[in-house]
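Let's walk through this one together, one question at a time. Have a look at the picture first, then read on.

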Amino acid sequence: MRISPWSTPVLVLAAVLITFVITAGPILVAGANPIEAYTAFVITPLTSQFTLLEVLVSATPILFTGAAVAIAFRAGYWNIGAEGQLLLGAIAAAGIGTLVGGLPGIVALPIMVAGGAVAGAAWAFVPALLRVRFGIDEVVTTLLLNPVALLLVNGLLHGPWRDPVTGFPESPRIAASAEFPALIERSRLHLGFLVGLVVILAAWYVLSRTPAGLRLRAAGLSPHGARFAGINVSRTLLGAALVSGAIAGIAGVSEVAGIQNRLTGGLSPGYGYTGIVVATLGTLTMPGVAIAAIFLGDLSIGASSAARSLGIPSQLGAVVQGVLLLTTVALLAMRRQRSGRTGEADKGGSVTGDVAAEGQPG
Amino acid sequence: MTFVVDLLAATLRNATPLVYGTVGETYAERSGVLNLGIEGTMYAGAFAGFATAWATGSPLIGLLAAIVVGIGAGAIMALMTVTFGANQHVSGIGLTIGLIGLSEFANRLIFAGGELQRIEPMPIVNPLAGLGEIASIFDQYALTWVAFLLIVPAAWWLLQRSSFGLEIRAVGENPEAADAAGVSVARTRYLALMIGGALMAIGGAFFTLALLGSFTLDIIAGRGWVCVALVIFGRWRIGRGVIGALLFSLIFSLQFRLRILPGFGELPFELLLALPYLVVIGALALSGRNVAYPGAYLKPYRRS
């Protein structure tokens with residue numbers, strides 16, 4: 001079988017390599033050797049058990065947000081609001097977590113996860129409704145609800161949830177039974193990672209093996225064609241948006257129940273936006289999202305260790321993420337142009353078109 | 001009285017970066033490109049302006065550096081969305097992530113671990129000084145004067161009255177027709193994005209070069225997103241966008257002042273700050289299907 005230079009794995013690998021060439025600039029400015037730096041970013045974190053587990057810890061929230069973004073994008077619904085939906089899930093988890101102290105974990109945890117999912121979906125609902133009812137573009141509405149969610153978090157932390165003892169803007173600690181248990185003793189890897197894998201598996205199954213998944217992909221590939229084929233595109237988009245919001249909401253639950261054990265202002269350093277990087281790098285497929293999330297988790301742990309060992313500021317991790325996102329969408333757009341597709345999905349430049357054009361399973 | 005004068009002065013001051021950002025974003029969007037790189041462009045402008053001013057001792061050279069960075073950011077956005085035809089919103093988010101990362105990376109390299117560095121901020125000028133207490137409303141930084149008296153009218157004139165502005169609006173509204181009429185869609189969008197990027201970066205630099213005289217992390221704190229909201233609030237019109245910026249700034253400055261008064265400390269000011277976003281979303285909902293997006297909004301243009 002001949003491997004096309006434009007096949008998805010080759011393209012993504014090329015995006016990573018081009019990114020590394022571009023970001024060699026800042027590394028050289030920092031006075032380090034780029035080869036050594038990339039070894040420290042990518043390889044070093046995989047060489048000890050402790051750092052390997054930390055890679056999975058930092059991959060956990062972006063597994064969720066990556067899957068959330070990928071599902072929405074796949075349907076042609078541009079949910080830029082995963083960040084806000086995550087924060088709503090976190091608020092719900094912090095609230096529910098303090099109330100379920102009397103319940104055993106087996107009851108408390110599902111309630112919390114469900115609560116976070118509902119909160120995230122609720123936050124995603126209004127923009128989705130505006131889109132399917134009035135055709136109001138969801139890019140801006142979902143984006144603008146992110147700062148609103150952050151203000152809501154800050155309002156709670158500086159108001160009713162402020163720690164009464166210390167006065168710190170931190171909500172009360174959640175009940176012990178509401179904490180996600182560690183998967184491996186003396187590590188920070190928690191139940192959230194497993195939940196994330198289950199979500200990815202379920203999403204993969206639904207997308208690639210069920211009629212609902214087919215409708216979703218059809219709507220994203222060509223709304224007109226889908227409508228012609230008798231698919232209720234509005235309902236499909238609404239469903240995709242709500243599921244997307246729910247999964248992003250669980251990311252917030254996972255961070256509260258697994259890492260912070262309370263609501264804090266710095267709960268998410270932009271996991272919702274990183275989800276866009278993960279989804280795009282994973283070319284909107286669930287296996288791709290899983291690999292991309294772990295790769296970015298690897299990079300982020302690598303970036304902090306390279307900061308110590310090589311003196312490269314760890315913020316290079318964010319630079320790599322941004323450049324990676326740009327090179328990936330650029331290459332995907334070039335591939336679409338080559339294949340002569342004009343990007344029918346009403347907003348051309350869809351990532352979806354590319355993936356589906358290859359006929360890959362979800 | 002002092003309270004009102006003080007409030008109005010603060011409103012003009014705090015509106016300044018929003019005015020630059022909103023006008024810049026308006027240029028991008030009227031040419032048919034939603035530039036979500038605005039948050040990162042303002043951030044990079046704030047940092048580049050500060051670092052250069054700190055190194056050279058001249059805020060003016062700092063401002064020039066910010067403008068250069070802003071033009072560069074606009075050019076990258078144009079390269080992505082015009083030349084490659086890539087997804088506008090994903091490209092914009094990528095640009096924002098990358099520019100914030102790069103600014104913080106450089107900040108760490110240059111000012112590693114040391115104490116907070118400061119520069120002598122740009123001076124406050126008031127041609128009306130001496131006309132009593134009310135005149136102190138106009139105790140403003142030069143960049144604020146420039147924004148309201150020079151940039152806003154000039155940007156309005158260029159967009160609405162010049163042939164270049166007509167070209168921008170044409171490629172944003174109907175690129176096929178503009179192309180058929182001999183207007184280069186690519187060149188026009190590149191220019192609109194680069195002008196817009198320069199303005200956004202000046203808006204960011206206002207914080208470091210004038211308002212604060214220092215650079216701190218998270219200095220833009222979502223104001224780029226505020227500008228995106230204001231552009232829609234203003235229905236893609238410069239004048240209405242500026243009015244939106246003044247209203248937002250009035251609310252912002254008011255809550256800031258009320259917060260320190262006894263008895264007001266417990267009010268949920270965050271709700272007040274969320275208002276502009278909610279107003280924009282509410283306005284979009286109320287206009288329903290009648291929202292007049294630029295015709296080519298979010299669509300890359302390709303000759304077919």
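A crossing of two helices is called right-handed if the near helix is turned clockwise from the far one by less than a right angle, and left-handed if anticlockwise. Keep in mind that this is a predicted model.

Q: Which hand does the crossing of α1(B) and α10(B) have?
A: Start with the two helices: α1 covers residues 2–30 of chain B and α10 covers residues 238–259 of chain B. Their axes come within 7 Å and cross at roughly 140°, and that makes α1(B) oblique to α10(B). As for its hand, the crossing is right-handed.

Q: How many nonpolar residues does the contact of α1(B) with α10(B) have?
A: Among the residues that meet here are Leu7(B), Ala10(B) and Leu18(B) from α1(B), and Val242(B), Phe248(B) and Arg257(B) from α10(B). By class, the contact has one charged residue, seven polar ones and, to finish, 14 nonpolar.

Q: Is α7(A) roughly perpendicular or roughly parallel to α8(A)?
A: Helix α7 (residues 191–209) and helix α8 (residues 211–221), both in chain A, have axes 5 Å apart. They pack at an angle of about 75°. Angles of 65 to 115 degrees count as roughly perpendicular, so α7(A) is, relative to α8(A), roughly perpendicular.

Q: Is Leu144(A) buried or exposed?
A: You'll find Leu144(A) in helix α6 (residues 138–158) of chain A. Leu144(A) has 26 C-beta neighbours inside 10 Å. The cut-off is 20 or more, so Leu144(A) counts as buried.

Q: Which residues of chain B does Leu144(A) touch?
A: In its own chain, Leu144(A) has its C-alpha atom 7.8 Å from that of Gly81(A), 63 residues apart along the chain. Leaving out residues up to four places away in sequence, Leu144(A) touches Trp225(B), Ala229(B), Tyr277(B), Val280(B) and Ile281(B).

Q: Which helix gives the most to the side of chain B that touches chain A?
A: Across the whole contact, 47 residues of chain B meet 45 residues of chain A. On the chain B side, α4 (88–110), α9 (223–233) and α11 (269–287) each supply at least two residues. With 16 residues, the one that gives the most is α4(B).

Q: Where in chain A is the pLDDT below 50?
A: Chain A averages a pLDDT of 91, and 93% of its residues score at least 70. Where pLDDT is low, the predicted coordinates should not be read in detail. In chain A, the stretch with pLDDT below 50 is residues 342–362.

Terms used: Residues numbered from 1 in each chain as written. Chains lettered and ligands numbered in written order. Predicted model: local features only at pLDDT ≥ 70, side-chain atom pairs only at ≥ 80, totals over all residues. Axes fitted to C-alpha atoms, helices over the stretch in contact; angles between N-to-C directions. Helix = DSSP H or I, 4+ residues; strand = E, 2+ residues; numbered from the N terminus. Parallel < 35°, antiparallel > 145°, perpendicular 65-115°, else oblique. Contact = placed C-beta atoms within 7 Å. pLDDT = per-residue confidence, 0-100. Buried ≥ 20, exposed ≤ 12 C-beta atoms within 10 Å, placed from the backbone. Nonpolar A, V, L, I, M, F, W, Y, C, P; charged D, E, K, R; others polar.
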